[in-house]
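The sequence and the structure come first, and the description follows.

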Amino acid sequence: GDHTPAGAMPRRVTSLAPPPAPLAALCFLALVAIALPSALALECDEAMTGFHDNDIKSQAWQDIAHANVQAVRDAVADDPCYAMMRAGDGRGPLFWAHEFYNQEIIDVLVHHGADRAARDRGGKRPDQMIRAPPMTFEAPPADDEEEYEYEPDDDDDVYVTKSSPHDEM
């Protein structure tokens with residue numbers, strides 16, 4: 001029949017050649033220097049990685065706060081930069097996943113390139129986030145406010161130390 005042997009395909013890959021090396025290197029260095037200190041080659045828009053708020057980020061926070069794992073999976077599949085976006089306070093999905101303590105979301109985000117060593121405006125890493133109280137879906141009463149404010153760094157160490165040898169990972 002018209003069956004061709006496995007190795008018989010013409011191997012013409014010249015049209016797919018990458019741009020000249022110096023140009024590629026220059027672009028990569030510029031990208032690393034400007035957008036992604038974590039040196040990931042994924043190109044993310046400043047709208048996502050810049051420290052400011054927008055609707056996408058607000059929706060991400062909602063989904064993570066409400067433990068909507070499927071919404072997070074869909075969003076990150078749709079746009080890998082989702083895992084690396086940062087809000088106005090310098091926090092992003094990985095910070096919120098730690099804050100609401102959702103291991104499944106943490107795993108999804110890390111798998112898609114979220115930076116565990118990222119720091120927010122206050123210098124905290126995602127795994128240093130204080131766990132939020134369980135979601136009640138309503139704003140806390142006004143007299144409760146000091147609970148949600150971050151005090152000076154003196155007492156931060158309390159939350160960083162391991163609480164007990166029985167802590168599960």
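## Salt bridges

Glu104 and Arg73 join their side chains in a salt bridge, with N to O at 3.2 Å; a salt bridge here is a side-chain nitrogen of Lys or Arg within 4 Å of a carboxyl oxygen of Asp or Glu. Glu104 belongs to helix α6 (residues 103-111) and Arg73 to helix α4 (residues 69-78), so the pair ties together parts that are 31 residues apart in sequence. Helices (H or I, at least four residues) and strands (E, at least two) are DSSP runs, numbered from the N terminus.

This is a predicted model, in which local features need pLDDT of at least 70 and side-chain atom pairs count only at pLDDT 80 or more, while totals for chains, interfaces and linings use all residues. Residues are numbered from 1 along each chain as its sequence is written, and side-chain values use heavy atoms, with hydrogens and water left out.

Glu104 is partly exposed, at 42% relative accessibility, and Arg73 is partly exposed at 36%. The terms rest on relative accessible area: buried means under 20%, exposed over 50%, and partly exposed in between (1.4 Å probe, protein chains only).

The structure holds 3 salt bridges, listed here.

| Pair | N to O distance |
|---|---|
| Glu104 and Arg73 | 3.2 Å |
| Asp120 and Arg91 | 2.7 Å |
| Arg125 and Asp127 | 3.4 Å |

## The disulfide

The count of disulfides is 1, where a disulfide is a pair of cysteine sulfur atoms within 2.5 Å. Cys44 and Cys81 are the two residues joined, with S to S at 2.1 Å. Cys44 lies in the loop between α1 (21-34) and α2 (46-49), and Cys81 in the loop between α4 and α5, so the pair ties together parts that are 37 residues apart in sequence. The torsion about the S-S bond of Cys44 and Cys81 is about -95°, so the disulfide is left-handed. Both Cys44 and Cys81 are buried.

## Helices and their packing

The protein chain has 7 helices and 0 strands. Buried residues make up 28% of its 169 residues. A contact means heavy atoms within 4.5 Å. Among contacts between residues at least 6 apart in sequence, 65% join residues at least 24 apart.

How do α4 and α6 pack, and at what angle? The angle between α4 and α6 is about 5°, and their axes are 10 Å apart, which makes α4 roughly parallel to α6. On the α4 side the contact is made by Val69, Val72, Arg73 and Val76, and on the α6 side by Glu104, Ile105, Val108 and Leu109. Axes are lines fitted to C-alpha atoms, for helices over the stretch in contact, and angles run from 0 to 180 degrees between N-to-C directions. Angles under 35 degrees count as roughly parallel, over 145 as roughly antiparallel, 65 to 115 as roughly perpendicular and the rest as oblique.

Helix α3 spans residues 55-65, and its buried residues include Lys57, Ala60, Asp63, Ile64 and Ala65. Among the elements that cover the buried residues of α3 are α2, α4, α5 and α6. Just after α3, Ala67 takes a positive phi of about 55°.

## Asn102

Asn102 is placed in the loop between α5 and α6 and is buried at 12% relative accessibility. A polar atom of the Asn102 side chain lies 3.2 Å from the backbone nitrogen of Glu104, and one lies 3.0 Å from the backbone nitrogen of Ile105. Polar contacts are pairs of N or O atoms within 3.5 Å; within protein, one must be able to donate a hydrogen and the other to accept it, and residues adjacent in sequence count only if both atoms are side-chain atoms. Leaving aside residues up to four places away in sequence, Asn102 touches Ala67, Val69 and Ala97.
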